[in-house]
Amino acid sequence: MMKMRRKDLYRQRTLANEISCEGVGLHTGKRVRLTFKPAPENYGITFRRVDLPDSRDIPARAQFVVDTALATTLGRDGVRVSTVEHCCAALHAMGIDNLRIEVNAPEIPIFDGSALPFVRLIQEAGVVLQRAMKEFIVIRRPVQVGDGFKSAALTPANSFSIHCSIDFRHPLISNQLMELECSSANFCREIACARTFGFLKDIEALKSAGLAKGGSIENAIVVDGFSILNPEGLRFADEFVRHKTLDAIGDLFLLGRPLIGHLRADKSGHALNHQLTMRVLSDPTCYEVIRATPGEMARIEATLPTFAAAAAMA
Ligand SMILES: [Zn+2]
């Protein structure tokens, strides 16, 4: 990303140009056209179904999540946009505050199953700074959801950092741990290209139920009992936990603003990530929304010494 002055780290960002591309929808198996359109300052991020002419913009916010099985799905007035999480992860990590996203199908294209194609689209369109200052959601009190087996928790921290672990009863996956300081550079290097994954028996069951029609080794790591079916193998030895980290970055973007806090996600997934965001938003003592005005910045930086590092990411 561009070199910029320190105070510019805190300015809102949108894209310099409109950009479109096409890819396959994971569940319908049909070609989907995705368009990113620049949006004015303080607009936020919205999704719109352009195949349904009268449908309204759906804000990328947790209050509009209508389903978390298999993927994170947003909806409004019965209109749905599914599989938003990889796109949202890229927007979160690249610090995009304002964008209209249009799609002509009920789902965002899956591309290769990672966030890298979304990062490339953002980079190709170019990022521009806007006049208004960014807003952040700063965690002020610990919040936890889940049970003894799986959990997701946010605690106050100086930046956006993640501790993510998984534990699958599968010889190729088993225990994996990812710890990440979520700057855009770290995201692009460590997380963006990690693909989603599925077990062959689950994918076959989904296909016989009419789902995952577009699912293939082109857009997911597919694992059977003892091996990985993708001939090219893995992009990282621990690609699985890296993808879970990617999903969490996308799901937490639905807090509505970039996050300043530490996420600990143990065997979490879309459902639990969503529960966590709703728990935070339901209790205003858990968080503070900070607009990065010069006065607020001085106040925040007194208590958050590495805030600038997070802003560089956000
Ligand atoms: Zn995912």
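Five of the five residues of strand β4 (residues 45-49) are buried, so β4 is largely enclosed by the rest of the structure. The model described here is predicted. Cover is found on both faces of β4. On one side, I45, F47 and R49 are buried. On the other, T46 and R48 are buried as well.

The pairing of β4 comes next. Strands of a sheet pair through backbone hydrogen bonds, in either a parallel or an antiparallel sense. Both senses occur around β4. With strand β9 (residues 99-103), β4 pairs in the parallel sense, over five bridges. Here I45 lies opposite L99 of β9. With β5, β4 runs antiparallel, and two bridges join the pair. In this case F47 stands opposite I58 of β5.

These strands belong to an open sheet of five strands. The order is β2-β3-β9-β4-β5, and the pairing is mixed. The edges are taken by β2 (19-24) and β5 (58-59). Each edge strand has a single partner, so one side of each is left without a neighbour in the sheet. The partner of β2 is strand β3 (residues 31-38), with six bridges between them. The two strands run antiparallel, and G23 stands opposite V32 in β3. A helix also packs on this sheet: α2 (residues 116-125) touches β2 and β3. The direction of α2 makes about 160° with that of β2.

A further open sheet has three strands, in the order β6-β7-β8. Its pairing is antiparallel. Strands β6 (65-67) and β8 (79-81) stand at the edges. Each has a single partner strand, so one side of each lacks a neighbour in the sheet. Neighbouring strands here are turned against each other by 45° on average, direction ignored. Two bridges join β6 to strand β7 (residues 73-76), and the two run antiparallel. Within this pair, V65 has L74 of β7 as its bridge partner.

Another antiparallel pair is formed by strands β1 (residues 11-15) and β10 (residues 127-133), which are joined by four bridges. The bridge partner of R13 in β10 is L129. Strand β1 is mostly covered, with five of its five residues buried.

Among the helices, α1 is mostly covered: 10 of its 10 residues are buried. They are E85, H86, C87, C88, A89, A90, L91, H92, A93 and M94. Just after the helix, G95 takes a positive phi of about 75°.

How does α1 sit against another helix? Two packed helices are described by the angle between their axes and the distance between the axes. Helix α1 (residues 85-94) packs with helix α5 (residues 239-252) at an angle of about 80°, and their axes are 7 Å apart. An angle from 65 to 115 degrees counts as roughly perpendicular, so α1 is roughly perpendicular to α5. From α1, the residues that meet α5 are E85, H86, C88, A89, H92 and A93. From α5, those that meet α1 are L246, D247, I249, G250 and D251. The residues of this contact divide into five nonpolar, three polar and three charged.

What is the size, in residues, of the largest nonpolar core? It has 88 residues. Those with the most contacts inside it are A90, L91, I122 and F253. Helix α1 gives the most to this core, with seven residues. A90 has several contacts beyond its neighbours within four places in sequence. These are with A115, F118, V119, I122 and A192.

R291 is found in strand β19 (residues 287-291). Is R291 buried, exposed or partly exposed? A residue is buried at 20 or more C-beta neighbours within 10 Å and exposed at 12 or fewer. R291 has 15 such neighbours inside 10 Å, so it counts as partly exposed. R291 and F136 are 155 residues apart in sequence, yet 6.5 Å apart in space, C-alpha to C-alpha. Leaving aside neighbours within four places in sequence, R291 is in contact with M133, E135 and E296.

Conventions. Residues are numbered from 1 along each chain as its sequence is written. This is a predicted model: local features need pLDDT of at least 70, side-chain atom pairs count only at pLDDT 80 or more; totals for chains, interfaces and linings use all residues. Axes are lines fitted to C-alpha atoms, for helices over the stretch in contact, and angles run from 0 to 180 degrees between N-to-C directions. Angles under 35 degrees count as roughly parallel, over 145 as roughly antiparallel, 65 to 115 as roughly perpendicular and the rest as oblique. Two residues are in contact if their C-beta atoms, placed from the backbone, lie within 7 Å. Ala, Val, Leu, Ile, Met, Phe, Trp, Tyr, Cys and Pro count as nonpolar, Asp, Glu, Lys and Arg as charged, and the others, Gly among them, as polar. A nonpolar core is a set of buried Ala, Val, Leu, Ile, Met, Phe, Trp, Tyr and Cys residues joined through C-beta atoms within 7 Å. Two strands pair if DSSP finds at least two bridges between them.
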